[in-house]
Amino acid sequence: MTKPLLLLDVRCPNCQASLTQGEQVVLHAHVAEPAQEGEVRLSALFGDYASRTEMVIPEGGLAEFICPACDRSLMVDVPCGLCGAPQGSLNLATGGTLEFCSRRGCRGHALGGFGELDDMIELLNRMFKIPHD
Ligand SMILES: [Zn+2]
Ligand SMILES: [Zn+2]
């Protein structure tokens, strides 16, 4: 099986557990409205904002993401650049961090697939270990 080129290998910033399973990033999440708790699978492919969950999250609804290994919150105090919702943060195995929007339906949900072009290029450089000049 060949590994897709833009597969992100992400880890929990708290316990360093690898959270990428196959082509998905498996996280736990709390949803306030309507109150639920469950699993959310984000695509581990760079820029793909597909997500899968058994929970009923309305379009535009927010989720709080939690590491399934250590049960600690992955949320950070950095609002989404597109919609202003709180974001979760994961560590990249290759170094650096990756923020993603907690709002369902926001393009910022994609891992690495939005934001400033410079940030994306820097991320790609880190992923492929291209030295900065
Ligand atoms: Zn953890
Ligand atoms: Zn957003």
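Donors are the N, O and S atoms within 2.8 Å of a metal (3.2 Å for Na, K and Ca), and since water is not among the atoms, sites may look incomplete. With that in hand, let us walk through the structure. This is a predicted model, in which local features need pLDDT of at least 70 and side-chain atom pairs count only at pLDDT 80 or more, while totals for chains, interfaces and linings use all residues. Residues are numbered from 1 along each chain as its sequence is written, chains are lettered from A and ligands numbered from 1 in the order in which they are written, and side-chain values use heavy atoms, with hydrogens and water left out.

Start with the zinc ion (ligand 1). Cys12, Cys15, Cys67 and Cys70 coordinate this ion through their SG atoms at 2.3 Å. The angles among the four donor atoms run from 102 to 116°, and the site is tetrahedral (for four donors, all angles between 85 and 135 degrees). For reference, ideal angles for four tetrahedral donors are 109.5 degrees. Along the chain, the donors of the zinc ion (ligand 1) have the spacing C-x2-C-x51-C-x2-C. Cysteine 12 sits in the loop between β1 (10–11) and β2 (20–21), and cysteine 70 in the loop between β6 (63–66) and β7 (75–76), so this pair ties together parts 58 residues apart in sequence. Cysteine 12 is buried at a relative accessible area of 0%, whereas cysteine 70 is partly exposed at 25%; buried means under 20% relative accessible area, exposed over 50%, and partly exposed in between, using a 1.4 Å probe and protein chains only.

Now turn to the zinc ion (ligand 2). Its protein donors are the SG atoms of Cys80, Cys83, Cys101 and Cys106, lying 2.3 Å from the ion. This site is tetrahedral too, with angles of 101 to 114° among the four donor atoms, and its donors follow the spacing C-x2-C-x17-C-x4-C. Cysteine 83, in the loop between β7 and β8 (87–92), and cysteine 106, in the loop between β9 (97–101) and α1 (117–127), link distant parts of the chain, 23 residues apart. Cysteine 83 is partly exposed at 30% relative accessibility, while cysteine 106 is buried at 9%.

Those elements belong to a chain with one helix and nine strands, arranged in sequence as β-β-β-β-β-β-β-β-β-α. Helices (H or I, at least four residues) and strands (E, at least two) are DSSP runs, numbered from the N terminus. Buried residues make up 35% of the 133 residues.

What does the interior hold? The largest nonpolar core has 23 residues, and those with the most contacts inside it include Val10, Leu19, Val25 and Phe65. Such a core is a set of buried Ala, Val, Leu, Ile, Met, Phe, Trp, Tyr and Cys residues joined through side-chain atoms within 4.5 Å. β3 (24–31), β4 (36–43), β6, β8 and β9 each give two or more residues to this core, with β3 giving the most, four residues.

Finally, look for the one aromatic pair. The rings of phenylalanine 65 and phenylalanine 100 have centres 5.0 Å apart and planes at 65°, so the pair is edge-to-face. Rings of Phe, Tyr and Trp (its six-membered ring) pair if their centres lie within 6.5 Å; planes under 30 degrees apart count as stacked, over 60 as edge-to-face and the rest as tilted. Phenylalanine 65 lies in β6 and phenylalanine 100 in β9, so the pair ties together parts 35 residues apart in sequence. Phenylalanine 65 is buried at 1% relative accessibility, and phenylalanine 100 is buried at 0%.

How values were computed
Tetrahedral: all angles 85-135°; square planar, octahedral: opposite > 155°, others 65-115°.
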